Amino acid sequence: MRKGSIVALLGLAVIAGGVATAVALVPTWLPVAASREAGRIHFVIWFVVVICIVIFAIVAAVMIYAVLKFRVQEDDFEDGPPVHGHTGLEITWTAIPFALVTAIAIVSAIVLSRNDAQAENTLRVNVVAQQFEFTFSYPDAKNVTSPVLRLPEGRSVELYMRALDVIHSVFVPEFSQKEDMVPGLVTQLHITPDRVGTFPLECTELCGLGHSLMRSQAIVMKPAAFDAWLEQQEKSAGPAPPTTTTSTTTTSGSATPISPSAAGLAVFNQNGCASCHTLSAANATGTIGPDLDKLVSYAKQAKQPLPAFVHESIVDPEAYVQPGYPKGVMPTNFGHLLTKEQLDHLVTFLVQSAQKSGNK
Ligand code: CUA
């Protein structure tokens, strides 16, 4: 090979490699890594991308050089000269990809095993998914549940995840991990958050009409702030089933008794009703299910007294479906999920707020 050809090939390789590097680096393809696991996963991604850029540069340089240099003349209809095998070349182009793929496999295996390794003092969080809401609970703290995932920075966390109805999936882009939640199984996900902030948490498995609304947040807090939050939640939850964890912001630590309508609102928020229903008293704007501001007129159409109608629509939603809304969408298991007290609070709250908006 002549020296001129090598210089030309190298020049083309540098240009192609430069273009590929710009495509890889200039747009922000990845979210910021907010956990140690995400940092390792991003390392694997960049490891593979660098290999790809080098191979792309070599292949592109040879192709462009061949197209420019060995182009046939317009009137040349001859076959090219016959080419015989070249053992050395064939061994080289088998050995190099073999080495690269093996290296990627080894790096990936190390990252997977490190990412799954729980540290001492791992915090356990139970996650329950149902159409169309996530509920997070902290078994180390009594009766603390939350509609958002709050995590302490720097501590190893293991999520134990269950689905009550259909397959859901948890994904926080900044954690770069995703895990399915399957009815009948407990799946696990290990996270070590290392960046304080609020990140979107979403369901990434098509799970019904409200799938696109099945969103929550992962809030990574300083360990002291997290402990304070947990303690405050524990206090306000008390011995009874929790009814005061609806707010995503930290509420004041007062332990004053809550009114029935506030308790009903809490049940409404905790059970994801707002994903599907409109209700001005709860600032809910869902449009999949019936508009709960119109319950007075629905009850009239169903020819039932309002409280009985509301109660039946929660525990046996198929008994009467308001015309114009889809059948079989409202979960049928609220009669089992809610305690009698929660159900009573919810019915009272819905009846009161419907009467208020009905009188407007
Ligand atoms: Cu749950 Cu999609």
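Analyst: Helices (H or I, at least four residues) and strands (E, at least two) are DSSP runs, numbered from the N terminus. This is a predicted model, where local features need pLDDT of at least 70 and side-chain atom pairs 80 or more, while totals for chains, interfaces and linings use all residues. Residues are numbered from 1 along each chain as its sequence is written, and side-chain values use heavy atoms, without hydrogens or water.

User: Where is the place of Gln322?

Analyst: Gln322 belongs to a loop. The helices on its two sides are α7 (306-315) and α8 (334-337). Gln322 is therefore placed in the loop between α7 and α8.

User: Is Gln322 buried or exposed?

Analyst: Gln322 has a relative accessible area of 7%. Buried means under 20%, exposed over 50%, and partly exposed in between (1.4 Å probe, protein chains only). Gln322 therefore counts as buried.

User: Which residues does Gln322 touch, not counting those up to four places away in sequence?

Analyst: Touching here means heavy atoms within 4.5 Å. With residues up to four places away in sequence left out, Gln322 touches Pro290, Tyr298 and Gln301.

User: Which helix gives the largest share of the lining of the largest cavity?

Analyst: A cavity is a set of points on a 1 Å grid over the protein atoms alone where a 1.4 Å probe fits but cannot get out, and lining residues have an atom within 4 Å of a point. The lining of the largest cavity has 34 residues, with Pro290 among those nearest its centre. α6 (295-301), α7 and α9 (340-358) each supply at least two lining residues. The largest share, four residues, comes from α7.

Notes: On a 1 Å grid over the protein atoms alone, a cavity is a set of points where a 1.4 Å probe fits but cannot get out, and a pocket is an open set with protein on both sides within 12 Å along at least five of seven lines; lining residues have an atom within 4 Å of a point.
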